[in-house]
Amino acid sequence: MMKLIGEKVSLREATQEDVNELYYWKYKEKNQEAKKWNAPYISEGRLTREEYMNSWDKEYELFPCLPRLLAVIIDEKAVGTVSCYWVDKHTNWLETGIVIYDPDYWSGGYGTEAYRMWIDFLFESTPLHRLGMSTWSGNIRMMKTAAKIGMKEEARIREARIVNGEYFDSIKMGILRREWESYRSKSCNRKEYRGELKH
């Protein structure tokens with residue numbers, strides 16, 4: 001099982017127990033705080049537990065032995081996911097994402113560490129040229145997290161999303177391999193922690 005180990009966070013291929021835990025956070029937990037921030041303008045159908053389990057196996061690998069999503073583990077519990085999907089294979093461009101369902105772990109640096117480990121892992125393990133992410137202008141935490149790991153705002157589509165009856169901008173951010181390499185070398189000089197891969 002692939003596992004990335006950080007200081008506060010681990011990323012790993014999900015066990016059955018992890019998937020069960022994530023199903024609870026995604027569909028059963030009553031407050032559903034994460035859905036207020038994680039693309040609330042996209043209506044999402046509810047999957048059965050079995051369908052959700054099967055979705056983890058579907059098109060699982062982007063490259064040989066490279067999963068398209070991992071569970072975010074904090075305090076030995078699965079509390080979120082990191083993910084990615086192809087935008088354009090021809091230009092080696094992936095879109096990425098992160099969600100931490102448990103609000104107890106928001107604003108404590110957990111998401112930034114998990115997202116940095118994921119971006120590092122994707123660039124280190126593949127020939128990818130660029131990684132991007134999409135959000136909305138109301139999700140300030142996500143924009144700050146992406147900026148902290150070296151992503152730049154590349155597009156702002158004005159008033160393209162409606163959340164609670166109010167218009168927000170659609171935001172696109174991204175990082176190129178050469179920018180990541182430069183940013184990483186500066187980070188290493190500052191002795192900033194980076195994840196360690198364990199198989």
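Two residues are in contact when they have heavy atoms within 4.5 Å of each other. That is how to read "touches" in these legends, which all show close-ups of a predicted model.

View 1. Glutamate 179 sits in helix H5, which covers residues 177-189. Leaving out residues up to four places away in sequence, Glu179 touches Lys152 and Gly174. Lys152 is 27 residues away from Glu179 along the chain, with 9.9 Å between the two C-alpha atoms. What does the surface look like here, buried, partly exposed or exposed, for glutamate 179? Its relative accessibility is 23%, so glutamate 179 goes down as partly exposed.

**View 2. Serine 170 in strand S10.** Strand S10 runs over residues 166-176, and serine 170 is part of it. Ser170 comes out at 9% relative accessibility, and because the cut-off for buried is under 20%, it counts as buried. Skipping residues up to four places away in sequence, its contacts are Thr135, Ala155, Arg156, Ile157, Ala160 and Arg161.

**View 3. The largest nonpolar core and helix H3.** This core is made up of 53 residues, and the ones touching the most other members are Leu11, Val72, Tyr115, Trp118, Leu122 and Met151. Helix H3 (residues 110-125) supplies the largest share of the core, eight residues. H3 is mostly covered, with 13 of its 16 residues buried. From first C-alpha to last, H3 reaches 22 Å, close to the 22 Å expected for its 16 residues at 1.5 Å a residue.

**View 4. Zooming in on tryptophan 118.** Which residues does tryptophan 118 touch, not counting those up to four places away in sequence? They are Leu11, Pro67, Arg68, Leu69, Leu70, Val82, Ser83, Cys84, Thr96 and Gly97. Leu11 also turns up alongside Trp118 among the core residues that touch the most other members.

**View 5. Threonine 81 on strand S6.** Threonine 81 belongs to strand S6. It has a relative accessible area of 10%, so it is buried. Apart from residues up to four places away in sequence, Thr81 touches Leu22, Trp56, Leu70, Ala71, Val72, Gly97, Ile98 and Val99. One of these, Val72, is among the core residues that touch the most other members.

View 6. A search of the whole structure turns up two cavities of 30 Å³ or more. Gln32 itself lies in the loop between helix H1 (16-28) and helix H2 (49-57). With 16% relative accessibility, Gln32 counts as buried, because the limit is under 20%. Its backbone is worth a look too: phi is positive, about 50 degrees, although Gln32 is not a glycine.

**View 7. Asparagine 92 and its positive phi.** Most residues other than glycine have a negative phi. Asparagine 92 is not a glycine, yet has a positive phi of about 55 degrees. It is found in the loop between strand S6 (77-88) and strand S7 (93-100). The relative accessible area of Asn92 is 23%, so this residue is partly exposed.

Notes
Residues are numbered from 1 along each chain as its sequence is written. This is a predicted model: local features need pLDDT of at least 70, side-chain atom pairs count only at pLDDT 80 or more; totals for chains, interfaces and linings use all residues. Side-chain values use heavy atoms; hydrogens and water are left out. A nonpolar core is a set of buried Ala, Val, Leu, Ile, Met, Phe, Trp, Tyr and Cys residues joined through side-chain atoms within 4.5 Å. Buried means under 20% relative accessible area, exposed over 50%, partly exposed in between (1.4 Å probe, protein chains only). Helices (H or I, at least four residues) and strands (E, at least two) are DSSP runs, numbered from the N terminus. The expected span of a helix is 1.5 Å times one less than its number of residues. On a 1 Å grid over the protein atoms alone, a cavity is a set of points where a 1.4 Å probe fits but cannot get out, and a pocket is an open set with protein on both sides within 12 Å along at least five of seven lines; lining residues have an atom within 4 Å of a point. Grid points are joined across faces, edges and corners, and a volume is the space filled by probe spheres set on the points.
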